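Biologist: Hi, could you walk me through this protein? I'd like to start with how charged side chains pair up.

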Amino acid sequence: MPGHKRQSSMELLELMGVVKENGNEHTSFPPVFTSLSYDYVLVAKTIDDQERDAFIKQTQFINELRKKNFKVTKISDNYLVFYGIQAPKEIFQKYMYLLKVSDTCNWSSNQKDLSLSTRIRIVHFIIHRTCIHSGENLRDLLKAKVFEARFCLHERRRQKELKKSWARWSACLQGQPITAVRNYFGEKVALYFLWLGWYTWLLIPPALIGILAFLYGLSFFNSSPLIKEVCESDRVMCPLCDEGCKVWKLSETCSYAKLSLLFDNNGTVLFAMFMAIWTTLFLEFWKRHRATFVCEWKVSEWSESEEELILEIVNDSDCHPNEYKHSYLHSTLVLICVTIMIAVIIGLTHLLVVFRVIVAGFLAKKSSENSHSNIGAMLAGAVLHFLIITIMTRVNRIVAMKLCDIEKTRTFAATERSFTVKMFTFQFFTYFSSLFYVAFFLGRINGHPGEYVRIGGKWRLEECHPSGCLTDLFIQMMIIMVLKQIISNVVEYSGPWIHKFLRKRSPKLQRRCGVCYQKDESEAKDGDELCEMCKLKDWHKNYQLTHVDSFSLFNEFLEMVIQFSFTTIFVAAFPLAPLFALINNVVEIRLDAIKMLTLERRMVPKKTNNIGVWIDILEAIGVLAVIVNGLVIGVSSDFIPRLVYRYVYGPCVNSTTTDIDCMAGYISNTLSIASMNDNRVNFTHYQMVTPDGFNATSCSYKDYRNSDFNVTPQFWLILAVRFAFVILFEHILVICKFIAAWFIPAAPMQVKNDKLFDKLDRLKEELKSFKPDGV
């Protein structure tokens with residue numbers, strides 16, 4: 001049958017090494033309903049006083065579960081009480097029947113047995129919808145410390161198998177057993193790792209091309225006339241601050257000029273164009289691979305909202321639907337709060353600008369070389385930016401959750417989507433506001449001698465180096481991206497490990513008795529039970545692991561999508577970003593696997609058929625990347641001024657000689673002169689003393705102005721070419737993106753045909769059981 005043929009897309013991923021699936025492995029689950037498998041565990045502190053309110057509520061909640069025919073096994077430790085919970089078979093039979101008769105979820109109802117991961121998801125939903133007499137649910141009881149923790153148990157055998165094939169450092173360069181991950185953690189976690197694996201593999205081409213772009217810039221170190229002009233120049237440049245700063249020689253910044261050319265050359269233009277197309281291809285092929293796996297897992301047409309309705313009915317057959325509601329007042333309030341929050345984040349960017357200006361002025365007074373003051377100010381600003389990011393991440397999370405409470409979303413899935421959009425928006429502005437300032441405003445609004453723009457009337461804004469401003473953006477990005485990845489990975493791995501290590505472990509729980517060990521390793525028969533001590537050991541071991549919640553996977557996605565933004569949006573200024581991202585992600589996949597499987601409590605498995613609102617965010621980032629990279633090349637980079645100089649003002653325009661470099665004299669062409677004879681120039685005589693001890697009568701600054709400080713015709717020509725380039729660049733790439741999206745179908749034809757045949761087979765099966773009236 002066509003439905004049993006393996007998908008070509010899945011085989012391609014196996015060939016590429018993204019996944020490692022067993023070709024003969026079926027995605028159906030073996031029956032796991034045995035008394036050895038507990039669906040859920042609640043933990044509470046031992047309370048001797050039975051009159052205490054916490055003990056009464058604890059007892060009431062357990063009794064409510066028993067009223068629903070849940071089997072609750074209570075085991076006491078020295079200071080803890082563990083409640084092992086098993087749901088009755090009737091609950092799962094109801095669930096399977098409702099799946100079969102539903103409008104959309106029946107696609108996934110053709111399984112005879114439920115996996116433990118599905119059982120956990122059902123029990124998790126029911127337990128959190130169970131209330132005591134006071135109306136409090138489990139979430140409220142956890143906040144009130146009636147219960148200390150709730151978690152689902154790791155499966156010892158499957159945990160061992162996954163650790164061997166997936167969650168180990170030696171498997172970094174191997175594919176992932178995605179179907180096995182799905183069987184254990186659910187579709188949501190499996191799709192995250194599938195997406196991360198595909199993203200990591202597809203980073204290889206841009207990483208290699210980024211290295212070539214970097215080497216292309218490196219090859220000009222000794223031959224570029226621009227570097228030679230800066231390093232051999234006797235030009236006297238204007239002071240960088242008002243007090244204490246003196247004029248300086250352009251040749252002092254020779255090293256800075258070399259660094260600038262590494263990331264501001266013709267190669268970065270082509271690389272930015274490639275990355276815009278790469279983003280589209282990455283997303284379009286991801287949609288195809290996602291469609292392949294969700295078809296294989298029988299969740300293509302699964303509906304999240306209908307699944308929640310089914311679970312509501314399973315929990316309470318007399319339930320009422322949670323109706324859709326919309327409040328314009330609440331929406332307006334949320335919009336205002338989001339705007340205020342974004343304004344606060346942008347305000348912090350202004351704080352960074354002030355900080356950089358103050359530090360640059362201070363270092364310029366102390367340092368004899370002006371390049372040191374510029375780089376020092378950038379480094380200090382980048383470190384402060386990283387500290388602000390760390391603090392604001394916590395603040396953004398709190399504000400996003402409060403705004404979701406104001407919205408009063410109908411379901412948890414809607415809350416999760418709303419929270420994701422708000423949190424990403426806040427984080428995006430937190431990370432990128434400073435970068436946008438450096439890219440598009442630094443050195444363009446600082447004024448000129450005699451009319452400098454000052455903050456508070458005191459501190460002058462920073463200027464760009466004569467070689468361009470793109471190096472400032474590169475340094476800022478490199479520090480934030482690399483520092484964030486290193487610190488995040490260290491904290492992400494060491495935190496759960498230290499937490500597990502420091503947990504107090506009772507010596508009596510170290511060994512499992514031989515009889516229970518045999519039961520656990522063999523196929524347990526219905527009615528088999530582990531002894532109380534061995535149950536307690538398993539539950540205590542899971543309790544010692546790090547807590548996870550509904551947003552644990554969100555944190556992983558957010559980290560990777562922010563990295564994706566760094567890799568694509570300002571890639572014209574940082575061509576090595578894909579390389580750093582690739583190295584990080586190779587480690588990140590195994591780090592997340594080890595953490596989820598061995599250092600954290602088992603995440604509640606969740607069913608889904610996509611990565612949710614993240615795909616819309618990735619699409620938006622792809623469009624923004626085209627716009628921003630076009631602006632970076634057209635506005636921030638010196639690519640356009642160099643192009644105009646080469647073909648309009650350079651020595652090759654009217655020259656017939658072939659031994660002259662067409663870019664000779666470019667740096668001098670970009671500099672204007674301020675004379676001390678002009679009354680508007682207010683530099684002191686002390687500031688005009690050169691490093692050689694001579695009194696300078698004029699100094700140069702980066703701009704296209706004449707002696708009267710009016711802009712020259714060359715300025716307007718360059719401005720017109722900049723805008724023409726940006727418009728042309730963006731339109732061409734957007735058209736290419738649309739063509740690529742149209743050319744690549746979102747789902748392979750084999751997937752669509754398999755779904756068609758599968759539906760036909762199910763309809764034929766239903767027809768066999770049909771009996772006409774009167775027969």
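Modeller: A salt bridge here is a side-chain nitrogen of Lys or Arg within 4 Å of a carboxyl oxygen of Asp or Glu. Keep in mind that this is a predicted model. Salt bridges link Asp-53, Lys-57 and Glu-136 in a network.

Biologist: How many salt bridges does the count come to by that rule?

Modeller: The count comes to 19 salt bridges. Side chains of opposite charge can pair when their charged atoms come close.

Biologist: Which residue does Glu-307 form a salt bridge with?

Modeller: Its partner is Arg-121, and the closest N and O atoms are 2.3 Å apart. The pair links distant parts of the chain, with Glu-307 in helix α13 and Arg-121 in helix α4, 186 residues apart.

Biologist: Are Glu-307 and Arg-121 buried or exposed?

Modeller: Glu-307 is buried, and Arg-121 is buried as well.

Biologist: Okay, what about Glu-308? Which helix is that in?

Modeller: Glu-308 is found in helix α13, residues 304-315. Glu-308 is buried yet has no salt bridge. The nearest side chain of opposite charge belongs to Arg-129, 4.6 Å away.

Biologist: What is Glu-308 in contact with, then?

Modeller: Leaving aside neighbours within four places in sequence, Glu-308 is in contact with Phe-125, Thr-411, Phe-412 and Ala-413.

Biologist: Let's switch to the greasy parts. Which residues touch the most other members of the largest nonpolar core?

Modeller: Those are Trp-195 and Phe-570, in a core of 139 residues. Helix α16, residues 412-440, gives the largest share of this core, with 12 residues. In soluble globular proteins, nonpolar side chains tend to be buried together.

Biologist: What is Trp-195 in contact with?

Modeller: Skipping neighbours within four places in sequence, Trp-195 is in contact with Phe-282, Trp-286, Phe-557, Met-560, Val-561, Ile-611 and Leu-618.

Biologist: Now helix packing. At roughly what angle do the axes of α12 and α20 cross?

Modeller: They cross at roughly 145 degrees and come within 9 Å. On the α12 side, the contact is made by Met-275, Trp-278, Thr-279 and Phe-282. On the α20 side, Phe-564, Thr-567 and Thr-568 take part. Those residues divide into four nonpolar, three polar and no charged.

Biologist: How many residues of helix α11 are buried?

Modeller: Seven of its 10 residues are buried, so helix α11 is largely enclosed by the rest of the structure. Among the buried ones are Cys-254, Tyr-256 and Phe-263.

Biologist: Last topic: backbone angles. What is phi of Asn-69 near?

Modeller: Phi of Asn-69 is near 70 degrees, a positive value in a residue other than glycine. Most residues other than glycine have a negative phi. Asn-69 is found in the loop between α2 and β2, and Asn-69 is exposed, with a relative accessible area of 57%.

Biologist: And Phe-709: buried or exposed?

Modeller: Phe-709 is buried, with a relative accessible area of 5%. Phe-709 lies in the loop between β12 and α25, and phi of Phe-709 is near 65 degrees, again a positive value.

Methods: Residues are numbered from 1 along each chain as its sequence is written. This is a predicted model: local features need pLDDT of at least 70, side-chain atom pairs count only at pLDDT 80 or more; totals for chains, interfaces and linings use all residues. Side-chain values use heavy atoms; hydrogens and water are left out. A nonpolar core is a set of buried Ala, Val, Leu, Ile, Met, Phe, Trp, Tyr and Cys residues joined through side-chain atoms within 4.5 Å. Buried means under 20% relative accessible area, exposed over 50%, partly exposed in between (1.4 Å probe, protein chains only). Helices (H or I, at least four residues) and strands (E, at least two) are DSSP runs, numbered from the N terminus. Contact means heavy atoms within 4.5 Å. Axes are lines fitted to C-alpha atoms, for helices over the stretch in contact, and angles run from 0 to 180 degrees between N-to-C directions. Ala, Val, Leu, Ile, Met, Phe, Trp, Tyr, Cys and Pro count as nonpolar, Asp, Glu, Lys and Arg as charged, and the others, Gly among them, as polar. Lys and Arg count as positive and Asp and Glu as negative; His and the chain ends are not counted.
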